[in-house]
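Keep the structure open beside you as you read.

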Amino acid sequence: MTSEYEMVGIMDSGIMRQYWLQAVGMLKENRVIGVISVTSTAIAIAMIMVVIFVWQIQFVNYYPEYKRDRTLQSQAMVVRYDNGNSSSGSLALEPVREIFYPLQSVEAVTAIAEKARTISMKGRRSNTPHAIKYVDTGFWKVFGFRFVEGEPFSEADFRSGIRRIVLSGRMAREIFGSEVAIGKEVWVGITPYTVCGVVEDVSRLARTAYAEAWVPYTSDKELEKESFHENMLGNFSVCLLARDKDDIPLIRQELARRLAVYQSMKSKVRIDLLDYVYTQWDMAIGSGGTDRVTWRDFLPKMGGLLLFLLLVPALNLLGVTRSSVQNRRAEIGVRKAFGATKGTLVTQILSENLVLTLIGSVIGFFLSFLFLYIGKSFMLSDAGSALSGEMLFQPFSFGVAFLCCLLLNLLSAGVPTWLIVRQPICDSLKKREDN
């Protein structure tokens with residue numbers, strides 16, 4: 001037998017189904033208002049999604065930067081002298097080896113330098129410079145590259161300074177006509193390297209990992225020797241991979257201890273480093289080099305722009321929805337006269353509004369990709385950057401955009417509806433009489 005609770009559930013589901021059918025019917029009857037409401041919702045969703053896309057690309061995990069949520073970066077340090085002078089810049093290998101490599105609280109450490117140099121085959125020299133990253137073996141632990149063939153250079157290769165090179169798929173195809181390149185020779189500038197691996201192409205938006213080729217920094221002795229200001233400033237940045245994102249405070253504490261030890265080796269200078277060790281979130285809101293940006297700095301700069309992008313479609317949607325509800329004032333009065341309760345009336349109108357929101361959300365979701373593609377040249381740091389599903393398809397992002405529009409629709413439809421259903425029946429019917 002069906003229990004009382006089951007009967008109530010069946011009745012509730014039947015009522016909700018009826019509301020939805022009525023909502024679809026109302027949408028067909030008032031097509032102009034329906035189209036405007038759906039379009040307004042779609043544009044609002046699309047605008048919110050584009051803003052979220054541009055922002056989330058800077059901090060969510062995607063190939064090959066899958067571990068951004070537990071990565072720290074140090075791109076610069078400041079050297080202050082007793083006479084008041086100071087210099088800042090990238091790190092030399094001495095502080096990298098004295099401060100970062102000995103860290104025990106991290107899973108992996110990598111030092112990275114970048115140069116733009118030509119890559120070509122012998123006898124077919126190219127004059128086009130390409131981005132080359134000079135790295136260590138920790139690089140392959142911090143970042144999750146997909147190897148099409150081959151493998152990264154080994155620790156033995158790195159320590160020996162053997163000239164091995166990993167190419168991007170695009171670079172291998174450009175040079176050899178295919179991604180089959182293992183054991184072949186390429187020239188970086190005037191120096192020959194042997195290909196040991198080929199990886200899937202990396203988007204320029206993954207700035208730390210991006211390059212067209214990766215080689216051991218020990219293979220370039222001049223790069224290793226380049227240092228300034230008592231061997232403290234040079235060409236390198238550092239990435240630290242935490243075992244868990246909750247370990248980041250512990251890493252900062254150990255860094256402070258290592259920095260104090262290194263500072264004791266330099267009697268005439270003071271070194272500032274810890275303020276310039278950033279999480280991916282820090283960099284997403286604008287931190288980089290020696291420029292640290294906090295929320296207090298970020299919100300005044302970006303708040304106005306975000307507010308403008310979100311409020312324009314939102315206000316349009318608010319006006320359309322409120323007008324639609326006001327036009328149904330007489331209908332609400334008639335239904336109240338025939339015994340409809342306040343809760344029934346509010347539920348029905350909100351259900352109709354939810355149908356519009358769902359339809360508009362789906363359209364807006366796909367529309368956001370079109371907006372992002374059209375505005376790519378000025379919204380992204382590099383217009384030629386490749387976009388992938390991993391960057392964009394984040395359920396949380398769509399959920400936030402949908403909830404924003406749902407809340408807006410509930411307020412724009414719910415508040416006027418509630419005010420009208422609370423009015424006496426004669427006041428609700430007055431509009432009908434006036435017409």
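Helices (H or I, at least four residues) and strands (E, at least two) are DSSP runs, numbered from the N terminus. Helix α3 spans residues 93–100, and its buried residues are Leu 93, Pro 95, Val 96, Ile 99 and Phe 100. These residues cover an arc of only 165 degrees around the axis, which puts them on the same side of α3. The arc is taken from the directions that run from the helix axis to the C-beta atoms. Buried here means under 20% relative accessible area, exposed means over 50%, and partly exposed is in between (1.4 Å probe, protein chains only).

Before going further, a word on the model. It is a predicted one, in which local features need pLDDT of at least 70 and side-chain atom pairs count only at pLDDT 80 or more, while totals for chains, interfaces and linings use all residues. Residues are numbered from 1 along each chain as its sequence is written, and side-chain values use heavy atoms, with hydrogens and water left out.

Stepping back, the protein has 16 helices and 13 strands. It has 435 residues, of which 44% count as buried. Among its contacts with a separation of 6 or more, 76% are between residues 24 or more positions apart.

Gly 169, Met 171, Ala 172, Ile 175 and Phe 176 are its buried residues. They fall within an arc of 160 degrees when seen down the axis, so they line one face of α6. Packed against them are β4, β5 (129–135), β7 (164–168), β8 (185–188) and β9 (191–199). Just after α6 comes Gly 177, with a positive phi of about 85 degrees.

Now for the rings. The whole structure holds 21 aromatic pairs. Rings of Phe, Tyr and Trp (its six-membered ring) pair if their centres lie within 6.5 Å; planes under 30 degrees apart count as stacked, over 60 as edge-to-face and the rest as tilted. Phe 59 and Trp 281 make an edge-to-face pair, 4.8 Å centre to centre and with 70 degrees between the planes. Phe 59 sits in the loop between α2 (31–56) and β1, and Trp 281 in helix α9 (residues 280–284), so this pair ties together parts that are 222 residues apart in sequence. Phe 59 is partly exposed at 25% relative accessible area, and Trp 281 is partly exposed at 33%. Elsewhere, Phe 365 and Phe 369 are edge-to-face because their ring centres are 5.2 Å apart and their planes lie at 90 degrees. These two are four residues apart in helix α12, and are therefore separated by about one helical turn.

Our last stop is Ser 368, also found in helix α12 (residues 342–374). Ser 368 counts as buried because its relative accessibility is 0%. A polar atom of its side chain lies 2.5 Å from the backbone oxygen of Phe 365. Leaving aside residues up to four places away in sequence, Ser 368 touches Ala 46, Met 49, Val 50 and Phe 53.

Methods: A polar contact is a pair of N or O atoms within 3.5 Å; within protein, one must be able to donate a hydrogen and the other to accept it, and residues adjacent in sequence count only if both atoms are side-chain atoms. Contact means heavy atoms within 4.5 Å.
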